[in-house]
Amino acid sequence: MMKVCTLWRKTEQFLARKCALLVAEICALYLTVYNGLIFYDYNKKSLVETTQVNCFFRRICEKAGVTYHGQHALRHTFATRCIESGIQPVVLKTWMGHTNIHITLDVYADVFDKMNDKSVAQFDTYLDSI
């Protein structure tokens, strides 16, 4: 019986090491694929999936009485507010993880157009003052 227990313990330790290596490989894959952005649920001891985040965000919107547009809308809202506050497009490009400034300028063209109208009015007021 003692040999069976020892064998079982060694098998258990072997499997634990294999599982740890597998988890490490999965985390490395997630870090590579998702650019280092992963969320871990310490209670469940697993990675938080996008569907979990989406469901949670949907429930929050429903409780707050806000129309749900998906969590990606938060990203667009953030970028829009940055542009409106005067953050330079090249800085926003880096913050948003865009590979090219044209992506930032194209995606948020309508926001930049609104800023253009304000800038024209501002310039017009300046010209009137001289």
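Guide: The dialogue below takes the features of this model one at a time.

Guide: This is a predicted model, in which local features need pLDDT of at least 70 and side-chain atom pairs count only at pLDDT 80 or more, while totals for chains, interfaces and linings use all residues. Residues are numbered from 1 along each chain as its sequence is written, and side-chain values use heavy atoms, with hydrogens and water left out.

Visitor: How many helices and strands are there in the protein chain?

Guide: Helices (H or I, at least four residues) and strands (E, at least two) are DSSP runs, numbered from the N terminus. In this protein chain there are 6 helices and 2 strands. Read from the N terminus, the order of the elements is α-β-β-α-α-α-α-α.

Visitor: What share of the residues of the protein chain count as buried?

Guide: A residue is buried at under 20% relative accessible area, exposed at over 50%, and partly exposed in between (1.4 Å probe, protein chains only). Here 12% of the 130 residues count as buried. The chain exposes about 10,900 Å², of which carbon and sulfur atoms supply 63%; such areas come from the Shrake-Rupley method with a 1.4 Å probe, and for residues only the protein chains shown count as cover.

Visitor: Among contacts between residues at least 6 apart in sequence, what percentage join residues at least 24 apart?

Guide: Contact means heavy atoms within 4.5 Å. Of the contacts between residues at least 6 apart in sequence, 20% join residues at least 24 apart.

Visitor: Which residues does Thr104 touch, not counting residues up to four places away in sequence?

Guide: Thr104, in helix α5 (residues 101–107), touches Pro89, Leu92, Lys93, His98 and Phe112 on that count. Its relative accessible area is 0%, so Thr104 is buried. Leaving aside neighbours within four places in sequence, Thr80 is in contact with Tyr108 and Val111.

Visitor: Is Ser46 buried or partly exposed?

Guide: Ser46 has a relative accessible area of 30% and is therefore partly exposed. This serine is placed in strand β2 (residues 46–47). Beyond residues up to four places away in sequence, Ser46 touches Phe39, Tyr40 and Asp41.

Visitor: How many aromatic pairs does the structure hold?

Guide: Rings of Phe, Tyr and Trp (its six-membered ring) pair if their centres lie within 6.5 Å; planes under 30 degrees apart count as stacked, over 60 as edge-to-face and the rest as tilted. The structure holds 3 aromatic pairs. In one of them, the ring centres of Phe57 and Tyr68 are 5.8 Å apart and the planes stand at 55 degrees, so the pair is tilted. Phe57 belongs to helix α2 (residues 50–64) and Tyr68 to the loop between α2 and α3 (72–84), so this pair ties together parts 11 residues apart in sequence. Phe57 is buried, with a relative accessible area of 17%, whereas Tyr68 counts as partly exposed at 23%.

Guide: The rings of Phe78 and Trp95 also form a tilted pair, because their centres are 6.4 Å apart and their planes at 35 degrees. Since Phe78 lies in helix α3 and Trp95 in helix α4, the pair ties together parts that are 17 residues apart in sequence. Phe78 is partly exposed at 42% relative accessible area, and Trp95 counts as partly exposed at 49%.

Visitor: Which residues form the nonpolar patch on the surface?

Guide: Patches are made of residues with over 30% relative accessible area and no salt bridge; like charges are joined within 9 Å, and nonpolar side chains (Val, Leu, Ile, Met, Phe, Trp, Tyr) within 5 Å. Here Phe78, Val90, Val91 and Trp95 form a nonpolar patch, with about 380 Å² of accessible area together. Helix α4 (residues 89–96) gives the largest share of the patch, 3 residues; Val90 is placed in this helix.

Visitor: How many salt bridges does a search of the whole structure find?

Guide: A salt bridge is a side-chain nitrogen of Lys or Arg within 4 Å of a carboxyl oxygen of Asp or Glu. The search finds 1 salt bridge, in which the side chains of Arg81 and Glu84 meet (3.0 Å, N to O). Both residues lie in helix α3, 3 residues apart, about one turn of the helix. Glu84 counts as partly exposed at 47% relative accessibility.

Visitor: How many disulfides are found in the whole structure?

Guide: A disulfide is a covalent bond between the sulfur atoms of two cysteines. The criterion used is a pair of cysteine sulfur atoms within 2.5 Å, and the search finds 0 disulfides. As for individual cysteines, Cys55 is partly exposed at 42% relative accessible area, whereas Cys61 is buried at 7%.
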